[in-house]
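Let me put the model up on the screen and then we'll walk through it together.

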Amino acid sequence: MAENPLRLKSIHHVEFWVGNARQAAYYYRQAFGFSQFAYAGLETGRRDAASYALEQGKARIVLTTPYGPESPINDHVRLHGDGVRDICFHVDDADAAFAEAVARGADAASEPADRTDEQGTVRHAAIAAYGHTIHSFVSHTDYRGPFLPGYVVKEAPGRDAGLLRIDHMVGNVELGRMNHWADWYSRVLGFSRYISFDDKDISTEYSALMSVVMSDDSFAIKFPINEPAPGRKKSQIEEYLDFYRGPGVQHLALLTSDIISTVTTLRANGVEFLTVPGSYYDALEARVGRIDEALDTIRQLGLLVDRDEEGYLLQLFTKPVEDRPTLFFEIIQRKGSRGFGKGNFKALFESIEREQALRGNL
Ligand code: FE2
């Protein structure tokens, strides 16, 4: 039964803890087309860390770097490299969301508290999710600032690529822990199992994974959770877990309404994508039937297409966006399909395995 016990409204933002937020902000502006709209740091009176808030469409990301070794953010960066720390929800009432989550078995990460500046006050609280990832809750009624207390307006435009919002965010967890975390999202956040994929759907000659997609009642917030499955060689999920040193966010999928234009821009901006062999395109029309887009363009841009009973989708995956083979991005356009591109798994995972082999990690 659909329910929303924590009264989640939307993903407020996703915060990354990184080694050099200033440079990361430049990368996400110039490569991915986010625009910076707010900033907090020494110049604004914040002494512990600098944060850059960027947005594109409704997708908001925050990049944060500590100023000194005493900050706990360093432990995260030392262990995980650059990665997602917080998937923050906008809620009706942060106190109520936190109390309900803890009553449902979540571990507290941060007790409810006011965050205040001259522009007003927001309530903030957080619970622990997989690994060192947290979900924070933010509620406010009349906050007037550009983002959150402590931030000031500091704009720097990006090369907009037409990305609209976060479509889904995927977590990688250890072997045997997928169902634990699926149950956690169901028990604590009231999410339901939307689709699952087993190792028969997602296996190649060498490596495999299992996945379950958890969704809120409106299907606006979707969190697939992956775990490695035993294969002849190392699963891509294991490679992630080895290099992230534990569970964490594997990829953010960003929605566009025109993937041809979006990927053309991203490629021109220097974003690097995974590639599939030409044989994928030779077999494409037989597999997915007629689509609105020209097959030549699809092939040229290296896009992936999949069809299900409801329609089709176009998608493309970047290479990891940091030196550790951990976090990457997906660009997705949905034309009726609410799926995740199951028909592309084989070609995609073979592509990932080629990259893994180049890294000596297969
Ligand atoms: Fe995805």
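So, how much area do domain 1 and domain 2 bury between them? About 2,900 Å², with 68% of it on carbon and sulfur atoms. Buried area here is the accessible area, taken with a 1.4 Å probe, that two parts lose on being put together, summed over both. Phe32, Arg104 and Tyr130 supply 24% of what domain 1 buries against domain 2, more than any other three residues.

Quick housekeeping. This is a predicted model, where local features need pLDDT of at least 70 and side-chain atom pairs count only at pLDDT 80 or more, while totals for chains, interfaces and linings use all residues. Residues are numbered from 1 along each chain as its sequence is written, and side-chain values use heavy atoms, with hydrogens and water left out.

Back to the domains. Domain 1 runs 8–156 and domain 2 runs 163–359, with bounds from an automatic or database domain assignment. Their C-alpha centres lie 25 Å apart. Across the boundary, 38 residues of domain 1 are in contact with 35 residues of domain 2, contact being heavy atoms within 4.5 Å.

His251 in strand 14 and Glu330 in strand 17 (residues 328–335) are 79 residues apart, a pair that links distant parts of the chain. Helices (H or I, at least four residues) and strands (E, at least two) are DSSP runs, numbered from the N terminus. Both His251 and Glu330 are buried; that's under 20% relative accessible area, with exposed over 50% and partly exposed in between, using a 1.4 Å probe and protein chains only.

Strand 17 comes back with helix 1 (residues 21–30). The buried residues of that helix are Ala21, Ala24, Ala25, Tyr28, Arg29 and Gln30. They pack against several strands, including strand 1, strand 9 (152–156) and strand 17.

Next, rings. There are 24 aromatic pairs in the structure. Rings of Phe, Tyr and Trp (its six-membered ring) pair if their centres lie within 6.5 Å; planes under 30 degrees apart are stacked, over 60 edge-to-face, and the rest tilted. Phe147 and Tyr151 have ring centres 4.8 Å apart and planes at 85°, so they're edge-to-face. Phe147 is buried at 4% relative accessibility, and Tyr151 is buried at 9%. Trp184 and Tyr185 are edge-to-face too, since their planes sit at 85°, with centres 4.9 Å apart. Trp184 and Tyr185 are both buried, and they belong to a cluster linked by ring pairs, whose members include Phe89, Tyr130 and Phe223.

A couple of charges sit over rings, meaning NZ of Lys or CZ of Arg is within 6 Å of the ring centre and within 35 degrees of the ring normal. Lys154 lies over the face of Tyr39, 4.3 Å from the ring centre. The charged end of Arg334 is over Phe340, 5.4 Å from the ring's centre.

Arg245 has a positive phi, near 60°, despite not being glycine. Arg245 is in the loop between helix 5 (236–244) and strand 14 (248–256), and is exposed at 56% relative accessible area.
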